[in-house]
Amino acid sequence: MKKDIKNFKIQRLLKQHELYLFVVIVMYSLFITYLNPNFMSLENLFDLGKSSAVMGIMAIGVFVVLLSGGIDISFTAVAISGQYIAANFLIASGIDNIMLAFLISCSVGVVLGAINGFLISKFNIPTLIATLGTSSVFHGALLTIVGTKAINSAQLPDCFKAFGSFDVFTLTKPNGVYYGLSIFVIVFIIIAILTWLILKYTMLGRGIYAIGGDINSAIRSAFNIPKIQFFIYCYVGFLAGIAGVIHISLIRYGNPTYIVGDELSVIAAVVLGGTRITGGTGTIIGTIMGVAMITILNNSLILVGLSSYWHDLFVGLIIIISVSITSYQNKMSVGNIIFRR
Amino acid sequence: MPENSEKFLEVKNVSKSYVGVQALDKVSLSIHKGEIDCLVGENGSGKSTLIKIIAGVVQPDEGEIIINGKSFKKLHAIDSIREGIQVIYQDLSLFPNMTIAENISLNQMVERKRKIISWHEINDIAEKEISRINKELNLEEKVENISIANKQLVAICRALTQDAKLIIMDEPTTAIAKKEIDFLFSVITDLKKRGISTLFVSHKLSEVLKISEKVTVIRDGKLVGVYNTKDLNHDKLSFYMSGRKITNSAFNYQKEKLEPKKPLLEVKDLSKKGNFQDISFKVYSGEIIGITGILGSGRTELALALFGLNKPDSGNIYIDGKLANIKYPKDAIDLGLSYLPEDRLNQGLFIKKSIGNNIVVTVLKSLLSRFNLINNNNKYKSAKEWTEELNVLAPSLDTSAQSLSGGNQQRIVIAKWLATNPKIFILDGPTVGIDVASKSNIHHIIRNLANRGMGVIIISDEIQEILNNCNRLIVIKEGRMVKEMDTNEVSEDKLLEILSRKIV
Amino acid sequence: MLGKYSKHSNIFTLFIIMISVFVIISIFLPNKFLTVRNFQSMFSQIPEFGLLAIAMMLAMLTGGIDLSVVATANLSGIVAALVLTKYNIFQTGGYEEIYTILLAITAALIVSLICGFLNGVLVAYVGVPAILATLGTMGLFTGISIIVTKGYGIVGFPGKFLYIGSGTVFLIPIPMIIFIICVLAIVIIINRTTFGFSVFMLGSNPIAARFSGIRNENILIKAYMVSGLFAGIASIIMISRVNSIRPGYGEVYLLQAILVCVLGGVDPSGGEGNLYGLIMGIFTLQILQSGFNILSFSPFFKKVIWGLILILVMVINFYREKESPKLLKKV
């Protein structure tokens, strides 16, 4: 019984991963504010929220995959495919409707995600290798079929631009300039809540935790593993489709080589948020904070005068440091050497 | 036997064979409602296969299974669960990352094909089941943080949520302490009052005799018989299980002939917090020392400490009278120590690798020839020598270890250690999961090693194994040595009593 | 290896695949494929991803993966390029040039060893899963490359250095000669040294390896260092062949390296795989590559094909495993 109490304390401490992260974010923000007082302004925070939505939505997808003990690196290729196909369809058909864009992009996302899900659940291919392969196929096929022609601002249907500049409410600065909270942030929040609900209140969601916790127990508990895996990868595809449309609405420019290559930042955000690649452990709040941290870091690199060249280095370091901390804690808590590799 | 109550489960003439191995041969078993039954047999006798067949996880080659009067030719896992059969496997099949409440309730939710989770419901179900077995547990605690005994109770509660009419427990007492076993037995007795039957699978006779009403014995995949527990005693049951009279011929330690002056191995005041404390003993050339104690008593932790896998906090180890500094297994091997680990499949063997590679892995240095490169002829010779010495039955040295029987696999692990030419050989559970014939052969090998002057330590919870093969034994309880004595000074009953006695 | 005989059928299948690919492409593109020039160009391309594939194989044999191979090669190449361009003030081409070249090569190899060491420490001592450790270091190494070069390429190396990538000896491209030497070295390391033997055993069952007296940490660090070193050697060939280097060069090699490994029969879960299979995988891939080049497939279309082949190989492996006789499960 004593041992249980001791462990309980340790667990409570570990649970504070989010708390630590929160403290780091606040302290870092204060530091940046000290260098550049504009940082903490509501306007800049709204801006950060808007620009982090794409990464945030994809991060939630990656979070769900990692929770199940897998990994997906094809979601960027899925996002750009959805975006590019949707935008080009709208241009070609002349229909100027953002909902249609979402419908097309998400459908593409779900179909491509389903391919991942099929390969992983049916053929037991290691998730990294499967999604590495499909990533290459998806992106290569997109570039082969639709070419490398960019969609410039003039060609871009108005609905994207309108969606991109739509604020749910606006405020006025003393100098008369308007600023507001972008709809992107609302979409991101809705997705976060939806995902949280799925994970917490549906059998499917508990199944994802179950697979990540112990796949053999999940099999014995009669969970339908292939179905759950299939859902996971479709869901990631679906979220990537949304992220794709938001991305083009944000930058008002479409280029089929964009987004691909950002996998690293997204995965970094998720593992920074405390999600373990071994599955079963992690929270949505942690993931959101991870995304916030990476966004602030990117934003502040420029503020403190470091060029964006430093981006990859920081992302790499974040992955290494945050994973090292969780892995080392894990290694120590396992304690007995018998179970170590 | 409650003749008046009706039969809940009847297994009739079930057979099952795997590639070349007849795991079960026309075995029958029956359980009445509200009955506590035991299925006993030595390791490798086919118990696990029979359980899996009842659970519907494995399909029998022939035979019939009748549950509640319904006959099944092919019983699937889902049928078995629907009819109220719940198996609690040794690994307990829990989700470490989830709370106690969820672990208890989730299976029921899955079975009822729920789409939406109500956390109220989950907590209510869990609370109800936990209180029904008179236990208090923090429902919000994650399962990875609770003790094995509590995990077991969680698994039992989970089984009960699914309207279990028969709970099958596979070796539930191996990893828990006496007090916890008593509580478990009280839970099982309570279940009986609720009309729930229990099939208790074990090879620990004292527990079997204590808890059960009826015992089904199988040996080498065949039914030996079904007996009323009240007609049984320890000797009878052990005879039925092993198929032979256990002759209490203790291992004859040839002290006079060997005349050792100083010990091969001396352990002095070895302690590690939370593992073991103040352990001191000596092993002389030609001796076989038994170390016994229940799982979790610290016996394996102690062996790991000797082998450089579990750094002790204090105390010394002397080999040949010299202070040994063992940081890694390599150091231990260089000093002439060998350790045959408890978990053969995970710790002892490279299951996918060839027999040859499995044997030479410990002696790579000796295979080197010109330019420090491995000489494949040396490798082949070395491996062949040991497979012949130990009579490993295998088509060739290139056969992978996974295609061998448990006995042959264990002989390979022994071979890999004998290849290092050890002075001291520690064998942790040397015959776990091994059939009777191979078992006695392995005991024979061990005795021969001692007769040639090796110092041997056997760690086991099988009392017979210790008493028959060791000249001296040490009882470890909660990390402390509680007794050290010559085996010919002690009877089986006495040893059992020492083992189950509480520490004051 | 004592166990190699059971793998014979696998290697034979690969051999048939390689020959079939060769024959098919020869039949359809006889004039362009079966030429000395084409073979020379094939032989100068094989070493780059061949060495990266060997680097990947080492990590995979230990049960891990090295996603940072290409980033390691890039960083090493950039360091070499910096040495070459910075010290290349003597346009005369005398001994100073040789000195610069040797310095550049040494620097590149040291950098690659450090990269491998970092991966090894993360995996062995910190206990980070190899996927995440090498994903992180991939970002780190690429990041350093970008910062050092400010994102621009470095071009123009001394003539003698370019000889490494484009010279020939008796019609055999020098990169191929380097490759053959490296393959021979790795064959010996893997099949005839205690280190190589330990890598296989550790990859097969790390716990049993520890119980058998193998120092897992040492072996893992060494394995990732050798993996890094091969990436470094690849980088030398790479930059001298194209006479330039920029951060992010050769990203497609990552997929190809993994593809060649699984095609060559390396088990991604560790402990299984041999060099004969890997080399046949390398040749098969190069023959295909060469065919695609002759057909002037776009790089995007090639991306599709490589991805498809990778998935196809994994699917085939799934069925092969399924068909192999079910062994006695833990009863």
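1. **Basis.** This is a predicted model, in which local features need pLDDT of at least 70, side-chain atom pairs count only at pLDDT 80 or more, and totals for chains, interfaces and linings use all residues. Residues are numbered from 1 along each chain as its sequence is written, chains are lettered from A in the order in which they are written, and side-chain values use heavy atoms, with hydrogens and water left out.

2. **Extent of the A–C interface.** The size of an interface is often given as the accessible area lost when the parts come together. Between chain A and chain C, about 3900 Å² is buried. That area is what the two parts lose on being put together, summed over both (1.4 Å probe). Carbon and sulfur atoms give 79% of the area. On the residue level, 43 residues of chain A are in contact with 49 residues of chain C. Contact here means heavy atoms within 4.5 Å.

3. How many salt bridges link chain A and chain C? The count is 0. The rule asks for a side-chain nitrogen of Lys or Arg within 4 Å of a carboxyl oxygen of Asp or Glu. Polar contacts do occur: 4 residue pairs make them across the interface, both residues at pLDDT 80 or more. A polar contact is a pair of N or O atoms within 3.5 Å; within protein, one must be able to donate a hydrogen and the other to accept it, and residues adjacent in sequence count only if both atoms are side-chain atoms.

4. **What chain A brings.** On the side of chain A that touches chain C, the elements giving two or more residues are helix 5 (98-123), helix 6 (127-146), helix 12 (263-272) and helix 14 (311-334) of chain A. Helix 6 of chain A gives the most, with 13 residues. By class, this side has 27 nonpolar, 11 polar and 5 charged residues. Ala, Val, Leu, Ile, Met, Phe, Trp, Tyr, Cys and Pro count as nonpolar, Asp, Glu, Lys and Arg as charged, and the others, Gly among them, as polar.

5. **Chain C overall.** Chain C has 14 helices and 4 strands. These are DSSP runs, numbered from the N terminus: helices are H or I with at least four residues, strands E with at least two. The C-alpha atoms fill a box of roughly 75 × 50 × 35 Å, taken along the principal axes. Of the 331 residues, 59% count as buried. Buried means under 20% relative accessible area (1.4 Å probe, protein chains only). Among contacts between residues at least 6 apart in sequence, 77% join residues at least 24 apart.

6. **Asp66(C).** Asp66(C) lies in the loop between helix 3 (36-61) and helix 4 (69-87) of chain C. Beyond four places in sequence, its contacts include Met56(C), Asn119(C), Thr134(C) and Leu254(C).

7. **Ser212(C).** This residue sits in the loop between helix 10 (206-211) and helix 11 (216-242) of chain C. Which residues does Ser212(C) contact, leaving aside neighbours within four places in sequence? They are Ile333(B), Phe350(B), Val361(B), Thr362(B), Lys416(B) and Trp417(B).

8. **Thr300(B).** Thr300(B) is in helix 10 (residues 299-306) of chain B. Not counting residues up to four places away in sequence, Thr300(B) touches Tyr339(B), Glu342(B) and Asp428(B).

Key
Buried means under 20% relative accessible area, exposed over 50%, partly exposed in between (1.4 Å probe, protein chains only).
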